[in-house]
Amino acid sequence: MKILVVNDDGIHSRGIASLAKALEEIAEVFVVAPLTEQSAVGHSITMKIPLRVHRYYKGDEFFGYAVEGTPADCVKMGIRNILKYNPDLVVSGINNGSNAAINLIYSGTVSAAREAAIMNIPSFAVSVDSHNVDDFTYAGKVAKKFAELVAKEGLPKGTLLNINVPDLPESEIKGIKVTRQSMTRWDDSYEERIDPYGRKYYWLQGTMQEEEGEDSSYDYFAVKEGYVSVTPVHFDLTDFGAYEKYKNWNF
Ligand code: MN
């Protein structure tokens with residue numbers, strides 16, 4: 001099995017090192033990741049400036065290719081110009097920070113997996129629910145488990161998995177749950193600050209506004225309750241309810 005490993009936290013991050021290490025137990029792993037952190041860039045791609053690629057070493061050992069671009073760029077570049085063939089699987093992560101609920105929309109980590117799904121390659125994203133993860137070992141085990149599962153069972157065309165892991169010791173994990181996306185979203189605003197030259201600047205801050213009436217069958221609440229959340233996601237954004245309603249309108 002050949003696996004392309006990508007992320008949005010950047011090629012230097014600990015999460016991608018743990019992911020590559022876990023997957024190397026079962027596959028040949030190729031790392032193509034952003035040179036600098038690209039969290040929350042969503043599915044953006046580089047079109048108007050050159051895309052440069054560097055060989056990235058840890059000490060004397062080659063680790064992967066660093067792209068001066070976005071997570072989606074890394075998937076395209078990795079498959080089209082570096083591997084030059086389709087890998088069996090694309091795995092994105094392991095991200096520092098949850099990509100449950102509305103975060104899925106902003107996530108570079110999930111977007112990399114989604115880019116692979118657009119290219120018709122099975123893929124999933126793995127994130128840990130903390131911005132200061134101490135130990136990625138368990139999330140790495142989850143990634144390995146799902147790599148084996150997806151290799152065996154495949155995924156429906158156009159479907160990727162968004163996997164979110166609680167930041168807990170393995171012994172405290174309650175289990176793995178298939179979930180749907182929570183409608184929990186950010187209540188955010190820009191805090192106004194003053195730079196050393198007396199000029200104003202702004203910094204985004206916010207808190208999660210939990211959607212009422214949802215339980216652990218939704219990704220955000222499953223993770224909060226100690227479950228590994230696995231949400232099947234697709235990129236067909238059609239609202240089929242509205243489609244049924246509007247298609248018979250007489251325009
Ligand atoms: Mn990130």
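This short talk walks through a metal site, surface patches, salt bridges and some backbone features of one predicted model.

Good morning, everyone. Some ground rules come before the tour. The model is predicted, so local features need pLDDT of at least 70, side-chain atom pairs count only at pLDDT 80 or more, and totals for chains, interfaces and linings use all residues. Residues are numbered from 1 along each chain as its sequence is written, and side-chain values use heavy atoms, with hydrogens and water left out.

Let's start with the metal. Which residues are the protein donors of the manganese ion? They are Asp8 (OD), Asp9 (OD), Ser39 (OG) and Asn95 (OD1). A donor here is an N, O or S atom within 2.8 Å of the metal (3.2 Å for Na, K and Ca). Water is not among the atoms, so sites may look incomplete. Along the chain, the donors follow the spacing D-D-x29-S-x55-N. Aspartate 8 and asparagine 95 link distant parts of the chain, 87 residues apart. Aspartate 8 sits in the loop between strand 1 (2-6) and helix 1 (14-23). Asparagine 95 is in strand 5 (residues 89-96). Helices (H or I, at least four residues) and strands (E, at least two) are DSSP runs, numbered from the N terminus.

Buried or exposed: what is aspartate 8? Aspartate 8 is buried, at 2% relative accessible area. Asparagine 95 counts as buried too, at 6%. Buried means under 20% relative accessible area, exposed means over 50%, and partly exposed is in between (1.4 Å probe, protein chains only). The areas themselves come from the Shrake-Rupley method with a 1.4 Å probe, and for residues only the protein chains shown count as cover.

Next, strand 5 again, for its backbone. The peptide bond from glycine 93 to isoleucine 94 is cis, with omega near -10°. Isoleucine 94 lies in strand 5. Why point that out? Most residues other than glycine have a negative phi, and most peptide bonds are trans. Now for phi. Alanine 40 is not a glycine, yet it has a positive phi of about 65°. Alanine 40 is in the loop between strand 2 and strand 3 (53-58), and it is exposed at 57%. Lysine 84 also has a positive phi of about 65°, although it is not a glycine. Lysine 84 is in the loop between helix 2 (71-83) and strand 5. At 64%, lysine 84 counts as exposed.

On to the surface. Patches are made of residues with over 30% relative accessible area and no salt bridge; like charges are joined within 9 Å, and nonpolar side chains (Val, Leu, Ile, Met, Phe, Trp, Tyr) within 5 Å. Which residues gather in the patch of negative charge? Asp129, Asp134, Asp135 and Asp167 do. Lys and Arg count as positive and Asp and Glu as negative, while His and the chain ends are not counted. The place of a charge is NZ of Lys, CZ of Arg, CG of Asp or CD of Glu. Aspartate 167 is in the loop between strand 7 (159-165) and strand 8 (175-178). It is partly exposed, at 36%.

There is a nonpolar patch as well. Ile105, Tyr106 and Trp186 make it, with about 320 Å² of surface. Isoleucine 105 lies in helix 3 (residues 103-106) and is partly exposed, at 49%. Tryptophan 186 has its C-alpha atom 5.8 Å from that of glutamine 209, 23 residues apart along the chain. Glutamine 209 is in strand 10 (residues 200-209).

Last stop, salt bridges. Side chains of opposite charge can pair when their charged atoms come close. A salt bridge here is a side-chain nitrogen of Lys or Arg within 4 Å of a carboxyl oxygen of Asp or Glu. How many does the rule give? The count comes to ten salt bridges. One of them joins lysine 2 and glutamate 28 (2.8 Å, N to O). Lysine 2 lies in strand 1 and glutamate 28 in strand 2 (residues 28-34), so the pair ties together parts that are 26 residues apart in sequence. Lysine 2 is partly exposed at 28%, and glutamate 28 is partly exposed at 41%. Another salt bridge joins lysine 152 and glutamate 153 (3.5 Å, N to O). Lysine 152 is exposed at 67%, as is glutamate 153 at 55%.

That's the tour. Thank you.
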